[in-house]
Structures are given as structure tokens and as C-alpha cells.
Amino acid sequence: MTSHHRVWGLLVVACLFTGVSGKARAQVKVFSGLGHETDFTRWLGGVTLTGQIEGGIMANPARPQPGYNFGDFFADHANQVQLNQAEFTLAKAIDSTRNTYQVGFTLEGMYGSDARYYQLLGVSDREWNARYQLIPAQAHMDVHLPWVTRGGLDMQAGILQAPMGVEGLDPTARPFYTLAYTSEYSVPFEHIGAMFNWHVTPMVDVTFGIDTGNQTSFGRSDNNNAPAGYFGFNLNNLAHGRLKIVELSRVGPENAWRDIGHYEADHTQRFWNDVSAYYQVNKRLSLTAEFNYLHDEGTRGMGARGQFAGVDAESFISFLSYRINRDLTFNYRGEIYRDNNNAMVATFRGNTSYMQALAGTGEEVVPGPSASSHGTTYGEMTLGLSYRPQIGHHVRVFMLRPEIRFDRALNGTTPFNGGRNNGMFTFGGDAVIGF
């Protein structure tokens, strides 16, 4: 570990102990107490400022060369402490249960190693070359419109975090430090566009939206010249309020013209499909299941007979969460991920390699299975604890999450630890503090 990484590790630990000692501050209402009350000052009174810091490490006893945990984004550097996120969010939330005209916003800036994977082409991707980068993680206007149905319509427009999948960027909203393969390779991350959620009935929501593509912007910064969009639905309050089902699909070109040509990039579609079910068995036990299917018509360009040469991947994840007591929760995740063409799963070696891959400008990757093999089926099991006490002292969240994880190629390929092994064992975790 370099001295630079040790410094960041010490800073993370220092911040955590600062929070425990009570020097952190709670969520701040930035414009409260403005004096004369008007509609505008009441609106400003609901604007809040929050922040949080996350740092972690995943140890790999195999000490892989060149030092990466294959198939892991947020904890990709083996045996090294990372400052994953230091973020601040200024927001005015809307309340969808109140069917009145409402206007809000969210502005989130984030610095850390996770930002390498959430850049936007043409916005911030060329500003940073180091492991720790800065991004506008969110910058959108939120509107609630009391139209057509009793539940009305919600709209977000601007820089949006992608809505598909169970696991996302916010560490406090997911059970583990590391992500599943599905959450890294088969769902989008970030968009510029607009998303709509129409509350048709208390049981049914309809979702739709349009954007410039996954992690792209407009004009010459886009990796192709065509938009993409979402459509799907939520089924809420099933099984006496214990079950929720979310289906979300997405279609549009996502490949870079520099890789496969202008015509192919604009006309080859990527189809993303994700279904998640959330079931609350009782007050302690909850179960989640996610099925994902992705097909891309043009990742491999044109075939020998002039047809598009596509790739696809399908996966299933199961989650179990059991609350042992008020502060401690046990979590389990099991996944089967089938990469049919060995075109999805890879580790991006350079600090800018992931975004270079999206732009089609070349990238360094830690090699996985040979491209000539007949796909790889990945299995992954992760066990962990989430210790989340209410420590007071105006600290919004404090969380420690140790985990152990085992990855294995189930059909004989050897993608792990520099191509030496068909399995990989890692252990570690993260810590989060927020005000």
C-alpha cells in the first residue's frame, strides 16, 4: 500500500471517530428561521443538507497480480484501504402521498474511488486521472403533478442515478459493501434525461422515461446519436402489504461508434430487463429476488454474413436479511451470472479505463476468460453483518459492515487472481458515517 493510500485510510478513520465523539451534525435545514413566513420561505424551510463518508477494504489472500479483485468495482484494489465516497447532498424532497403541486430538487456532489464508475461522458469524465475523482452524482428537478389519478405523476429531470436494479451507489441503501455482478454489468448507472412515475392506483405505478444513454451526454460527447428509454411498472402492497414487485425494461443503442461504426452504433439496440420482488416475511426477516436479462445486438459489430453479432447475459440474485436486534442485521446474497460470450465481466485496470470503454477510446482491462471459450457462468455468495447503532450526538447514520465473499467460475474457466484460479475468496468490509 502506498503512502498516499495510507493517508486516505487514516483520514477515513479520523472522520469515523469524529462522528462517534459527537462532533458531527445532524441533517441541516439550511434556510430555517427566515422570519416573515410566505409560501416561498416555507418551501425554503424544507431544503436540507446531508453528507456522509464511506471507506473500506477487501482483502484477498491470493495477492492477485496486478493487484485487482477480478469482477469487483467498488473494492477492486485488493488489500488496499479506499476512500469510496465523501458526498454532500442539498435537496428539497417532494411527498408523493400529498397529491398537490410540488417542486423540489436534488444536488449531490461526490468525491472518492467509486466516482470512477459513475462519470458522464462530456460532463466530468476527462477532468480526473487519479483513483479519487469528483462527480455530480445527482442534479435534477423533482415535480409532483396531481393529474389524471388520485396518486398523480412524479417527474425527475436532469442528471439522474439509474433506477434499475436492487443495489445502487448509496452504501446505506444496500446490504453489502461489494456489488453483485448483475449490479455492475447488467444495469445502467447514470443518465441525463427525464423519468416519470405515474401512481395509477395504490397498487400500480407505471414508470417511463427518456435519456441520452447510459453515462453519456449530448452532441459530440455522446458515444452514439440515438436516445434510449425506460418502461415498466411497480405492483405495491401485495400479500397484505408484505410484497412488492418491480419490473423495469430499457431499450436503446449503447455502443460507441468508435468501436463498431456510426451506423451500427445508432441502430443496434441494447435490451435491459430486470424484475425484482421484495417480501417482508415478518418484522425480522425479509427476502429479495432479482432476475435480469440483457441482450445487445451490436457489441461484436457485424457478423460474417452482414448481420449484427450480439451478446447476452442472464442472472438471478437472492437476498436474505435477518434483523438480530435493533442494531445488528445478518445479510446473505447468492448469485448466478451467465456471461454467454465473455463480453460483460471484466476488471478495468486504469483509473479512467471504465469510461474509456464506454467512449470507445481504448481501455486497460484485467483479462478474464479467453474470448474463444464458450462463455462463463459465475457463482457468487456473500455473507455479512450490518452494525447500525443509533449513537445520537446528531449523527444521522453510523454503520460498520464486515463481509466475506466467495466467487467461482462454475464451468471451468479461470478468470480470478490474474487468470490463475477458477475461484476467489475475499473478506473485509466498509464503514459509513453521515450527518
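F427 is found in strand β19, where a strand is a DSSP run of E with at least two residues, a helix is a run of H or I with at least four, and both are numbered from the N terminus. The model is predicted, and local features need pLDDT of at least 70, side-chain atom pairs count only at pLDDT 80 or more, and totals for chains, interfaces and linings use all residues. Residues are numbered from 1 along each chain as its sequence is written, and side-chain values use heavy atoms, with hydrogens and water left out.

**The nonpolar patch**

F427 counts as partly exposed because its relative accessibility is 37%; buried means under 20% relative accessible area, exposed means over 50%, and partly exposed lies in between, with a 1.4 Å probe and protein chains only. Together with I404, F406 and F425, F427 makes a nonpolar surface patch of about 350 Å². Two elements give two or more residues to this patch, namely β18 (397-409) and β19 (423-434). A patch takes residues with over 30% relative accessible area and no salt bridge, joining nonpolar side chains (Val, Leu, Ile, Met, Phe, Trp, Tyr) within 5 Å and like charges within 9 Å. A salt bridge here is a side-chain nitrogen of Lys or Arg within 4 Å of a carboxyl oxygen of Asp or Glu, and accessible areas come from the Shrake-Rupley method with a 1.4 Å probe, only the protein chains shown counting as cover for residues.

Rolling a probe the size of a water molecule over the atoms shows where empty space is left. A pocket is an open set of points on a 1 Å grid over the protein atoms alone, where a 1.4 Å probe fits, with protein on both sides within 12 Å along at least five of seven lines, and its lining residues have an atom within 4 Å of a point. The volume is the space filled by probe spheres set on the points, which are joined across faces, edges and corners.

| Pocket | Volume |
|---|---|
| Largest pocket | about 1500 Å³ |
| Second largest pocket | about 930 Å³ |

The largest pocket is lined by 49 residues, and those nearest its centre are Q138, Q156, Q161, A162 and P163. Elements giving two or more residues to this lining include β2 (47-59), β5 (133-145) and β6 (153-161), and β6 supplies the largest share, five residues. By class, the lining of the largest pocket divides into 21 nonpolar, 18 polar and 10 charged residues, where Ala, Val, Leu, Ile, Met, Phe, Trp, Tyr, Cys and Pro count as nonpolar, Asp, Glu, Lys and Arg as charged, and the others, Gly among them, as polar.

The second largest pocket is lined by 34 residues, with T299, A343, M344, F348 and A357 closest to its centre. Its lining has 19 nonpolar, eight polar and seven charged residues, and α6 gives the most, with three residues.

**Backbone details**

The loop between β2 and β3 holds P66, which a cis peptide bond joins to Q65 with omega of about 15 degrees. N79 lies in the loop between β2 and β3 as well, and although N79 is not a glycine, its phi is positive, at about 65 degrees. A positive phi, near 70 degrees, is also found at V148, a residue other than glycine, in the loop between β5 and β6. V148 counts as exposed because its relative accessibility is 77%, whereas N79, at 26%, counts as partly exposed.
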